[in-house]
Amino acid sequence: MLLSPPDVGPLEEEMVVEAVRSGWIAPLGPMVEAFEAVIAERCGRQHAVALSSGTAALHLALLEVGACAGTVVLVPALTFAATANAVVYTGAEPVFVDCESKSGNLDPHLLESALRQLQGEGVFVAAVVPVDLLGRCADYTRILPICERYGVPVVSDAAESLGSSHEGRPAGSFGQMAALSFNGNKIMTTSGGGMLLTDDAATADRIRYLSTQARQPTVHYEHTEIGYNYRLSNVLAALGLAQLERLDEMIGRRRALRQQYVDLFAGQPGVTVFQHPGEEADNCWLTAVCIEPMEAGWSADDLRKALDAVDIESRPIWKPMHQQPVFAGARSFLSGESDHVFATGLTLPSGSALKPKDVDRVVATVRKFLGA
Ligand SMILES: *Cc1c(COP(=O)(O)O)cnc(C)c1O
């Protein structure tokens with residue numbers, strides 16, 4: 001049993017078949033435009049550009065704000081590597097900033113210290129990339145004014161948070177640009193895909209241009225700069241349209257699952273459900289528990305092994321970027337919180353495709369483990 005497998009059924013099949021029969025296979029077509037329009041509306045944005053992955057969306061967004069060799073981009077220490085990888089693709093250097101303990105999201109205090117320190121040294125900070133961890137929106141209410149004061153653009157990594165909101169505004173609506181992901185394990189999937197969101201028409205045009213090999217409008221293919229092959233195909237957009245119709249229902253199932261875990265671990269000493277309480281506005285993409293082994297008498301790894309023994313997948317929350325061999329030596333502003341979340345946290349099966357019998361099996365396995 002996987003943490004978050006794709007949740008697709010007859011509606012997805014029907015719409016993909018429709019896209020194939022329409023003759024619009026690839027690359028672009030009417031379903032790409034329809035998909036972009038619905039996502040833009042849902043995320044409260046003027047423009048959406050469908051791309052081949054969330055990583056591609058981050059890459060182009062960072063290029064667009066001017067990330068390049070000789071600049072740095074501030075990235076949360078606690079995230080999936082794609083956020084930092086996209087920075088490296090531009091030639092810029094990722095600098096890691098630690099998280100707040102409860103949400104696991106970018107710590108605004110540390111962010112401010114980092115900006116003050118770096119700009120004081122004359123370092124050019126091209127962007128800040130807050131991440132909406134496991135579906136919980138970063139604290140944009142505090143982050144955006146800080147970035148504005150330091151004159152640094154914000155690119156929101158909303159890869160995990162489609163359908164969530166923060167103070168009444170949808171995930172994806174924050175910052176100059178935001179990136180969504182439709183990877184197979186995300187809240188909804190196109191089997192692989194992403195979206196760049198912006199309110200600026202010129203930015204959207206430029207992203208479309210860069211994502212289709214930067215072709216000048218001439219009959220012969222003329223190129224004045226390096227482009228990318230990052231557009232989403234029409235068939236995959238059809239899958240996305242079907243998933244969007246089911247998004248609220250899928251989020252509802254993930255939220256119900258979160259509540260089941262809250263009930264399951266209630267009263268267990270040393271165990272807390274990560275990001276709980278306060279998740280009413282979250283899509284509950286993944287549910288994690290944090291275990292203090294001294295209080296609980298067991299560790300996250302003990303529970304992981306018990307689940308693994310019966311073929312149930314669970315995983316630590318992202319290994320922090322400053323602990324990754326590939327980013328060894330990168331500059332970091334740390335408090336120890338992301339290390340603590342990594343050491344104590346465990347994500348549990350959270351997918352909307354889980355069947356009631358799957359959930360029963362997880363619950364029974366955890367009960368047996370807790371009773372032992
Ligand atoms: C999944 C993910 C990405 C990358 O999205 P892809 O579509 O897989 O390229 C980026 N950032 C975060 C936080 C993610 O979870």
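**Ligand surroundings and strand pairing**

Helix H3 (54-64) and helix H4 (81-89) each supply at least two residues of the shell around the ligand. Helices (H or I, at least four residues) and strands (E, at least two) are DSSP runs, numbered from the N terminus. The model is predicted, so local features need pLDDT of at least 70 and side-chain atom pairs count only at pLDDT 80 or more, while totals for chains, interfaces and linings use all residues. Residues are numbered from 1 along each chain as its sequence is written, and side-chain values use heavy atoms, with hydrogens and water left out.

**The shell around the ligand**

- Helix H3 gives the most to this shell, with three residues.
- Of the 16 residues around the ligand, Thr55, Asp157, Glu160, Ser181 and Lys186 come nearest; a residue is near a molecule if one of its heavy atoms lies within 4 Å of it.
- The shell divides into five nonpolar, eight polar and three charged residues. Ala, Val, Leu, Ile, Met, Phe, Trp, Tyr, Cys and Pro count as nonpolar, Asp, Glu, Lys and Arg as charged, and the others, Gly among them, as polar.

**Contacts and burial of the ligand**

- A backbone N or O atom of Gly54 lies 2.8 Å from an oxygen atom of the ligand.
- In the side chain of Thr55, an N or O atom is 2.5 Å from a ligand oxygen atom.
- For the side chain of Ser181, the distance from an N or O atom to an oxygen atom of the ligand is 2.7 Å.
- The ligand taken alone exposes 380 Å², of which the protein buries 93%; accessible areas come from the Shrake-Rupley method with a 1.4 Å probe.

**The sheet**

- Four strands form an open sheet in the order E4-E2-E3-E12, with parallel pairing; two strands pair if DSSP finds at least two bridges between them.
- Strand E4 (124-128) and strand E12 (332-333) stand at the edges with a single partner strand each, so one side of each has no neighbour in the sheet.
- Strand E3 (residues 93-97) runs parallel to E12 and is joined to E12 by two bridges.
- Phe96 stands opposite Ser332 in E12.

**Backbone exceptions**

- Most residues other than glycine have a negative phi, and most peptide bonds are trans.
- The peptide bond from His276 to Pro277 is cis, with omega near -5°, and Pro277 lies in the loop between strand E10 (271-273) and strand E11 (287-291).
- Glu167 is not a glycine, yet has a positive phi of about 50°; Glu167 is placed in the loop between strand E6 (165-166) and strand E7 (169-170).

Technical notes: Polar contact = N/O pair within 3.5 Å; in protein donor to acceptor, adjacent residues only side chain to side chain.
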